Amino acid sequence: MVSALFAETLLPGRKHYAPMDAAALERYPILAKIGIFPVEMATARGAAQFLRTSQAILANGGVVWITPQGRFVDSRERPLGFKPGLGALAARTPGVLVVPLAIEYTFWDERLPETLLRFGWPVRLEAGLSTDAASERLESALVETMEELKGAAMRRDASAFRVLLRGGRGTGGVYGIRRRLGGLFTKRPVQVDHTERRESRDGRREP
């Protein structure tokens with residue numbers, strides 16, 4: 001869903017796709033309507049299927065979103081342990097541009113977590129690299145991007161980020177309702193944010 005948000009807001013002129021375990025996709029068939037395509041995991045046929053489909057997408061100007069570890073992992077895990085699919089795709093697709101994207105879900109000051117993202121420098125691999133060499137280059141680029149995002153997350157400075165989508169703020173539940181009702185009856189403004197809002201880098205008011 002994060003990549004779907006990016007597709008809509010940052011690259012609306014491109015068609016976007018992403019691989020997913022075929023067995024899992026059968027349980028959520030609606031995802032196929034937004035560009036998710038099935039891949040058999042841990043089989044030679046699945047690997048060939050992934051490469052064939054992804055190369056066809058790239059050849060037609062599309063974007064392929066890939067989670068190179070192929071599983072849910074903690075963002076602090078090192079080494080990352082890429083599956084060979086991304087390296088094989090990059091090594092076999094001359095001129096392809098790979099953009100590392102780090103994602104963290106972290107709690108700052110609100111009751112709901114922030115989704116923090118950082119793009120790294122694009123990587124364009126030279127021709128003739130092996131799958132292992134390509135994977136090593138791409139994993140190094142993603143680690144660098146993840147470390148940069150980790151530092152930004154620890155600084156807890158919202159002005160360093162551009163907000164693409166804002167969620168709920170302030171206290172929820174009965175206490176949140178009580179505060180709002182209190183403000184209504186006393187005619188005093190209620191600050192829903194837990195922290196003072198300040199200017200972001202593009203001049204908008206952010207928490």
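Trainee: What share of the contacts with a separation of 6 or more comes from residues 24 or more positions apart?
Mentor: 56% of those contacts in the chain. Contact means heavy atoms within 4.5 Å. Keep the source in mind: this is a predicted model, where local features need pLDDT of at least 70 and side-chain atom pairs count only at pLDDT 80 or more, while totals for chains, interfaces and linings use all residues. Residues are numbered from 1 along each chain as its sequence is written, and side-chain values use heavy atoms, with hydrogens and water left out.

Trainee: How many helices and strands does the chain have?
Mentor: 6 helices and 9 strands. They are DSSP runs numbered from the N terminus: helices are H or I with at least four residues, strands are E with at least two.

Trainee: And how much of the chain is buried?
Mentor: Buried residues are 31% of the 207. Buried means under 20% relative accessible area, exposed over 50%, and partly exposed in between, with a 1.4 Å probe and protein chains only.

Trainee: Which residues touch the most other members of the largest nonpolar core?
Mentor: Phe82, Ala90, Leu116, Leu125, Leu138 and Phe161, out of 21 residues. A nonpolar core is a set of buried Ala, Val, Leu, Ile, Met, Phe, Trp, Tyr and Cys residues joined through side-chain atoms within 4.5 Å.

Trainee: Which helix gives the most to this core?
Mentor: Helix 5, with 8 residues. Helix 4 (84-91) and helix 5 (131-155) each supply at least two.

Trainee: What does Leu116 touch?
Mentor: Leaving out residues up to four places away in sequence, Leu116 touches Ala102, Ile103, Glu104, Thr106, Trp108, Leu149, Ala153 and Phe161. There is also a second, separate core of 9 residues, including Val2, Leu25, Ile36 and Trp65.

Trainee: Back to helix 4. What do its buried residues pack against?
Mentor: Helix 3 (44-59), strand 4 (97-98) and helix 5. The buried residues of helix 4 are Leu86, Gly87, Ala88, Leu89 and Ala90.

Trainee: How many bridges join strand 1 to strand 2?
Mentor: 4, with strand 1 covering residues 16-21. As for partners, Pro19 bridges to Phe37 in strand 2.

Trainee: His16 is in strand 1. Why does it count as buried?
Mentor: Because its relative accessibility is 14%.

Trainee: Which side chain makes a polar contact with the side chain of His16?
Mentor: Trp65, at 3.0 Å. A polar contact is a pair of N or O atoms within 3.5 Å; within protein, one must be able to donate a hydrogen and the other to accept it, and residues adjacent in sequence count only if both atoms are side-chain atoms. A polar atom of the His16 side chain also lies 3.0 Å from the backbone oxygen of Leu11.

How values were computed: Pairing = 2+ DSSP bridges.
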